[in-house]
Structure formats: C-alpha cells, structure tokens
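Have the coordinates open as you read.

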Amino acid sequence: MALPLLRCYSCNRHFSILIRCFTSKPLLLNQSRRLAPVASVVCDVRSYSSERGKHKKNQKVVVVGIPNPFIWFRTRIYFFLIRSYFDKEFNIEEFTEGAKQAFSHVSGLLSQCQFEALGGLVAKDLIGKLEDKCAHLPLSHQRALSAESDAIMFTTTGDVGIYYDDSGRKFVSILMRFWYMTSARLPDDTVEGARIFQVAFGGNGDRPETKRLLTANYEFQREFTQGVTPDWIITRIEHSKLLN
C-alpha cells in the first residue's frame with residue numbers, strides 16, 4: 001500500500017469510551033493485530049500477599065523472557081504511522097495501561113457470564129460466540145478467565161494492522177497478549193504451560209496455594225473514518241486453551 005494512502009482526518013479525541021470506562025486517567029490501548037510468533041516476556045515482578053491470622057507473607061514471582069527484535073521493530077514502525085497519519089497524540093505506554101485495565105474488566109465479566117455488560121466493549125458478533133463457548137466451560141475454567149489487575153504479570157504487543165475496506169473506511173487493529181496469574185484449579189494437562197509455571201505459596205505449616213501463569217490474546221480495533229466516534233472495541237478474545 002502506498003504511503004500517501006495512509007492519510008486520515010485528524011481527531012483530537014484519541015481516548016476511547018472503552019478506556020474511559022476503566023480508568024480516570026487518560027489511558028489508551030496497546031497494539032497488535034494478527035497473531036505472530038510473539039516474543040516472550042521482559043523481566044517483571046509482582047508481589048502477592050496472603051494474610052492468615054496475624055501473619056502476612058509476601059511472595060514474588062518473576063517472569064523473564066527475551067523480546068522478538070523483528071516484532072518489536074515492526075510494531076514501532078506501525079506506531080510511527082499511527083501518530084503520523086491517524087492520531088498525533090497516540091502513546092504506546094498509555095495505550096498499554098488502558099488495554100490492561102480493559103482486559104481485567106472484560107475477563108471478569110466473562111468469568112461471571114455477564115454477557116449483556118459486554119455491550120459497547122466487545123463486538124456484537126463476538127459476544128454471541130463467547131456466550132456459546134462459555135456455556136460449555138466447567139466452573140473452574142470460567143473462573144480461570146478472570147484476571148485481576150494486580151495478577152497481570154506482563155503485557156506485550158503482538159502485531160498491528162492498518163487497513164481499508166472496500167468502501168474506504170479506515171481501521172487500526174491491535175492484538176495484545178497478556179500473562180496473568182490465577183489460583184483456579186485446573187488439571188495439569190488442560191492448559192498449555194500450566195505445569196511449567198505452577199507456583200506454590202505458603203510455608204511454615206500453611207497449606208500451599210498454587211497459582212498458574214496463563215496467557216490471553218485480546219484484539220482491539222478502532223475505526224478512523226471521518227465522522228465516526230473514535231472508540232476502541234474488542235474484536236477477538238482468546239484464553240490459552242480455555243477460549244480459542
């Protein structure tokens with residue numbers, strides 16, 4: 001696609017309704033469209049505390065990985081194009097924080113099967129598919145869909161897409177990948193990677209608590225056609241082998 005085609009009408013309202021629902025600060029969403037061999041995780045640390053009686057314990061989990069340099073470089077090019085032709089105020093850090101809060105909120109609604117509350121946040125055709133899939137999930141799997149904000153270990157960009165449809169409408173689509181901890185009880189052979197990332201919490205006679213590190217992919221899409229409300233909406237949801 002020739003570069004001159006990547007022109008758009010400037011829009012000052014770059015923060016969508018989707019993000020404003022999840023944070024009082026001006027936050028955006030993270031970027032990525034098609035699933036690519038997404039790189040692993042840069043070092044990140046979260047503290048988990050459990051209080052039993054008068055004893056409080058803090059446990060730290062470290063997730064380490066190496067980013068894929070090709071994907072990192074490619075997404076940075078797309079970030080530049082978005083700022084140049086679609087949204088001059090686009091900021092990937094703010095976008096990422098907004099995406100994390102959106103992921104936590106939507107995944108919580110999914111785990112509770114509150115599909116009506118997904119309206120305006122998730123694409124209509126996707127809501128129907130999710131409702132059908134969640135209806136066949138065991139309760140333990142439904143619980144594992146929920147990701148509390150402090151349980152999100154790492155967030156990264158997969159791929160970014162900029163495209164036009166036949167009528168000339170302009171879209172930006174961003175796929176985000178999340179790593180999050182869950183204490184839901186799942187069979188070891190149910191979720192890929194669950195056995196590797198099991199972490200036991202407890203000690204000194206306390207019953208250990210097992211947490212697993214799961215992954216989820218959420219795709220965010222926004223239309224940049226002139227006159228269209230600048231809202232991001234989720235068009236794709238995948239949770240490891242829980243929701244594919």
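Let's begin with Glu 97, which is partly exposed at a relative accessible area of 36%; here buried means under 20% relative accessible area, exposed means over 50%, and partly exposed lies in between (1.4 Å probe, protein chains only). Because Glu 97 and Lys 100 are three residues apart in helix α3 (residues 92-111), about one helical turn separates them.

A word on the model itself: it is predicted, so local features need pLDDT of at least 70 and side-chain atom pairs count only at pLDDT 80 or more, while totals for chains, interfaces and linings use all residues. Residues are numbered from 1 along each chain as its sequence is written, and side-chain values use heavy atoms, with hydrogens and water left out.

**The helix around this pair**

Helix α3 has 20 residues and reaches 28 Å from its first C-alpha to its last, close to the 28 Å expected at 1.5 Å a residue; the expected span is 1.5 Å times one less than the number of residues. Of the 20 residues in α3, 15 are buried, which leaves the helix mostly covered. At the start of α3, a side-chain oxygen of Asn 91 comes to within 3.0 Å of the backbone nitrogen of Glu 93. After the helix comes Cys 113, with a positive phi near 55°.

**Charged pairs across the chain**

The structure holds six salt bridges. Three of them are listed here.

| Asp 159 | Arg 74 | 3.4 Å |

What do Asp 159 and Arg 74 tie together? Asp 159 lies in strand β3 (residues 152-164) and Arg 74 in helix α2 (residues 69-85), so the pair ties together parts that are 85 residues apart in sequence. Asp 159 counts as buried at 5% relative accessibility, whereas Arg 74 is partly exposed, with a relative accessible area of 23%.

Salt bridges that share partners join Asp 165, Arg 169 and Glu 223 into one network.

**The whole chain**

Stepping back, the protein chain has five helices and seven strands, where helices (H or I, at least four residues) and strands (E, at least two) are DSSP runs numbered from the N terminus. From the N terminus on, these elements run α-β-β-α-α-α-α-β-β-β-β-β. Buried residues make up 48% of the 244 residues in the chain. Among contacts (heavy atoms within 4.5 Å) with a separation of 6 or more, 72% are between residues 24 or more positions apart. The accessible surface comes to about 13000 Å², of which 51% belongs to carbon and sulfur atoms; such areas come from the Shrake-Rupley method with a 1.4 Å probe, and for residues only the protein chains shown count as cover.

Notes
A salt bridge is a side-chain nitrogen of Lys or Arg within 4 Å of a carboxyl oxygen of Asp or Glu. A polar contact is a pair of N or O atoms within 3.5 Å; within protein, one must be able to donate a hydrogen and the other to accept it, and residues adjacent in sequence count only if both atoms are side-chain atoms.
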